[in-house]
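Thanks, everyone. I will take a few minutes to walk through one structure, so please have the sequence and the model in view.

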Amino acid sequence: MEVTACPGPGQVKEALVLINEKRTNAMIIDTHAHYDDKAFDEDRDMLLSQLPSGKIQLVVNIGASIRTTKNTLELMSRYPFVYGAVGVHPSETGELTEPLMDWLQEAAGQPKVVAVGEIGLDYYWDEPGREIQKHWFVRQLNLARKLGLPVVIHSRDAAKDTLDIMKDQKAGDMGGVIHCFSYGVEMAREYLDMGFYLGIGGVVTFKNAKKLKEVVEYMPMDRMVLETDCPYLAPEPFRGKRNSSLYLPHVVKAVSEIKGISQEEVIAKTSDNARAMYRLYDQERTW
C-alpha cells in the first residue's frame, strides 16, 4: 500500500483540537503502530514528541520482521511512552530460523516488551508458502506461551486456517488481540468467545466498511482496543495519507456514534482494555 506525504500543520492542528475538545482528562492508547517505518524517517522524533501533548498516553510499536523488531527495541529505549511487541509478520516468515527464534525469545525478555506479534497468516500474497507461514505461526504462538505474553494476530484472507490453528494451539490461554479485525460478526464471535480483543482502527470510518461497523455494533466495549497500524489505514478525512496516533479521535468518534455512547467513554474503556490486554496495570491514566 502506498502512503502519501504527511498532512500539513493545519491538519495536525485539526486532529489535536479534536483530541482536546471536551475530554481533557482522557488519554488514548494506540495498541498497534509502526513508527519505525520509513514513512516517518523525515520527522519521526518531532511527531513522537508531540504525542503526549496530543493526549496519546501510550503507543505499542509492533515488530513485523527481525529488522523492524530491532527498530522497535530502539524506539522503546528512547521514548518512555513507547512499548513494543516482538515478532515476525507472516509475509516475512521466510527469513525465520531457529537461531532467530532464540534471538526473539531473548528480545522478548526486555521489560517494555508487552506481546509477541504481529504473527499469523496472510494469504493475499503467494509467498512465502502457506505451510511455511503455518509453521512459524505455531512456533511464535508457542514462544508467547513459554514467555507468558499475549499475542498480536494478523489474519488476511486466511480466516479458517487462522482460527483452526489458534483453537488447536489453545491461543486463548495467552490472550491478545486480533489486529485490524476485518472479518464478519460470526468470526468476531469466535474470537470473543476465546477471550480475544478486537483491534479497531481507521477502517471503521470508511463509508464502505459496513461489515466492520456491524462488528463494532455487535461486540461488547470491554473487548475493544484502538489502533492505527500507522503509517497505514488513516481514517476519514485523511484516507490515503500517512496515518498517526493523532488521528485516533476520528476512530473514537465513529465508534461512539455506532455504540451510542460518549467519546469520553470510548477512550476510557478502550484504554482500560489496552492496559489489561498488555498487562500494563502500573501505568497511570494521565501524564
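Let me start with Tyr124, which counts as partly exposed because its relative accessibility is 42%. Keep in mind throughout that this is a predicted model.

The next residue to look at is Trp125, and at 51% relative accessibility Trp125 counts as exposed; the cut-off for exposed is over 50%.

How many aromatic pairs are there? The count comes to 6. One of them is Tyr124 with Trp125: the ring centres are 4.8 Å apart and the planes stand at 90 degrees, so this pair is edge-to-face. Phe238 and Tyr247 make a stacked pair, with 4.0 Å from centre to centre and 15 degrees between the planes. Are these two residues buried or exposed? Phe238 is buried, at a relative accessible area of 2%, and Tyr247 is buried, also with 2%.

Now to Glu127. This residue sits in the loop between strand S4 (113-122) and helix H5 (130-147). Glu127 is exposed, with 60% relative accessible area.

Last, a pair of helices. The axes of H6, residues 159-168, and H7, residues 185-193, come within 12 Å and cross at roughly 15 degrees. The two helices are therefore roughly parallel to each other. The crossing of H6 past H7 is left-handed. On the H6 side, the contact is made by Ala159, Thr162, Leu163, Met166 and Lys167, which meet Met187, Glu190 and Tyr191 of H7. Sorted by class, this contact has 5 nonpolar, 1 polar and 2 charged residues.

That is my part done.

Conventions: Residues numbered from 1 in each chain as written. Predicted model: local features only at pLDDT ≥ 70, side-chain atom pairs only at ≥ 80, totals over all residues. Heavy atoms only, no water. Axes fitted to C-alpha atoms, helices over the stretch in contact; angles between N-to-C directions. Helix = DSSP H or I, 4+ residues; strand = E, 2+ residues; numbered from the N terminus. Parallel < 35°, antiparallel > 145°, perpendicular 65-115°, else oblique. Left-handed = near helix turned anticlockwise from the far one by under 90°. Contact = heavy atoms within 4.5 Å. Nonpolar A, V, L, I, M, F, W, Y, C, P; charged D, E, K, R; others polar. Buried < 20%, exposed > 50% of the residue type's maximum accessible area, 1.4 Å probe, protein only. Phe/Tyr/Trp six-rings, centres within 6.5 Å; stacked < 30°, edge-to-face > 60°.
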